[in-house]
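Let's take a friendly walk through a protein model. Have a look at the structure below, and then read on.

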Amino acid sequence: MKHVQDREIRFVGLPDGAAGLLANYVLTEKMPQHTIKAFQFEPYTLYDCCASASQYALGSGRMDIAIMCPDAARALIAKDNRFAIVGPVMMNSDIIIVRPDADLREPVIAVSQKRIFQQEMVAHRLGDTAEAAPMMHTAVPFAYTRGVVQGAVVDITKSFDLAGTPLGQEKRSTNICTYVLVGKKSLHASIQYQKFMESYADAVREMADSNRLLYVLQTYASAHITMGDITTWTKMNVHYTCPLTSPRQG
C-alpha cells in the first residue's frame, strides 16, 4: 500500500508569468481548505539533472504537480517515470514583442534557452531572415530594454511593462501550447487530485469573463494591469485550457 503522502498534493510548482496565475488562484481562493503549498520555480532547468531546480523538485520529492513548457515536461517524464503529462493549461501566452525602432528585415529576437517552441515561433512569424538568439530566461527582458536585440519572446504579462509592439501569430493556423500540467501518476486516483482538477476546470470557464480575468491578473500578477491589457490578451488569442479536455501534448 502506498504511503498516504503519495496520494496527496502537497506541493505545486508554478512558473513566473501567466501560466502560474490560474493555478495560484485555484489554490488560494477555490481550494484554501486543502492547504496545498505553491512554490515558484524555473522549470526549464529540469533539462539538466544536475541543476538545483531538478534536485529540489525530483531529489527531495517536493513537487507533486507542476506547470511547465512542453519541452521541459517531455524532458522531465523521460527522466522520471513517476510523472506524466496531464494536458495543456495555457495557449499562446508567450508572444513576440518588437522595439519601436526595430528593423524587421533581419531582426535578432531574444528567446529563452532550451525553449524550442519559441525559436519556432520566431521562424513562423518573421521568416528565415530572423535570428532567434537563445539566452538565459532572466536575461531576455534586459537584452530587449537595452536594445541589444530588436525583439523578444516574453510572457504576455511581462510584455505589458515593455515599450514596443506585440506581434500576433496570424501566420499560424493553430494555437501554440505554451504550458502543460505535469503530475505524479500516483495522485490521479485521489479525491484531492480530482477536486483540484474540477476546481481548475471551473476556473478556466470563469476566465471567459473579461472582468474575472482582469481580477485574476490584477490580483496575482500586477495591480497595474488594465482592461486595455485584457484587449491585447484577447487579440493575441491567449487563453487557459482545461488539461483533461484539451488535446494531449507529448
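## A sheet of five strands

Five strands make up an open sheet with mixed pairing, in the order β7-β6-β8-β5-β9. β7 (131-135) and β9 (165-167) are at its edges with a single partner strand each, so one side of each has no neighbour in the sheet. From one strand to the next, the twist averages 35°. Strand β6 (residues 108-112) runs parallel to β7, and five bridges join them. Here alanine 110 stands opposite alanine 133 in β7.

Helices (H or I, at least four residues) and strands (E, at least two) are DSSP runs, numbered from the N terminus, and two strands pair if DSSP finds at least two bridges between them. Angles, from 0 to 180 degrees, are taken between the N-to-C directions of lines fitted to C-alpha atoms, for helices over the stretch in contact.

## About the model

This is a predicted model, in which local features need pLDDT of at least 70 and side-chain atom pairs count only at pLDDT 80 or more, while totals for chains, interfaces and linings use all residues. Residues are numbered from 1 along each chain as its sequence is written, and side-chain values use heavy atoms, with hydrogens and water left out.

The protein chain has nine helices and eleven strands. Of its 250 residues, 51% are buried; buried means under 20% relative accessible area, exposed over 50%, and partly exposed in between (1.4 Å probe, protein chains only).

## A sheet of six strands

Another open sheet, again with mixed pairing, has six strands in the order β2-β1-β3-β10-β4-β11. Which strands stand at the edges? They are β2 and β11, each with a single partner strand, so one side of each is left without a neighbour in the sheet. β1 and β3 pair in the parallel sense over two bridges, and glycine 13 stands opposite alanine 66 in β3.

Strand β4 (residues 83-91) is mostly covered, with nine of its nine residues buried. β4 pairs in the antiparallel sense with strand β10 (residues 177-184) over seven bridges, where phenylalanine 83 stands opposite lysine 184. β4 also pairs in the antiparallel sense with strand β11 (residues 239-240), over two bridges, and there methionine 90 stands opposite tyrosine 240. Helix α3 (residues 70-79) lies across β3, β4 and β10, at about 25° to β10.

## The nonpolar cores

A nonpolar core is a set of buried Ala, Val, Leu, Ile, Met, Phe, Trp, Tyr and Cys residues joined through side-chain atoms within 4.5 Å. The largest one has 42 residues, of which Met90, Phe196, Tyr200, Trp233 and Tyr240 touch the most other members. Which element gives the largest share of this core? It is α1, with eight residues. Apart from this core lies another, of 27 residues, including Leu76 and Ile109.

Methionine 90 is in contact (heavy atoms within 4.5 Å) with residues including Ala18, Trp233 and Tyr240, leaving aside those up to four places away in sequence.

## The largest pocket

The largest pocket has a volume of about 300 Å³. Of the 21 residues lining this pocket, Asp16, Leu21, Lys158, Tyr220 and Ala221 are the closest to its centre. The largest share of the lining, four residues, comes from α1.

On a 1 Å grid over the protein atoms alone, a pocket is an open set of points where a 1.4 Å probe fits, with protein on both sides within 12 Å along at least five of seven lines; lining residues have an atom within 4 Å of a point. Points are joined across faces, edges and corners, and the volume is the space filled by probe spheres set on them.
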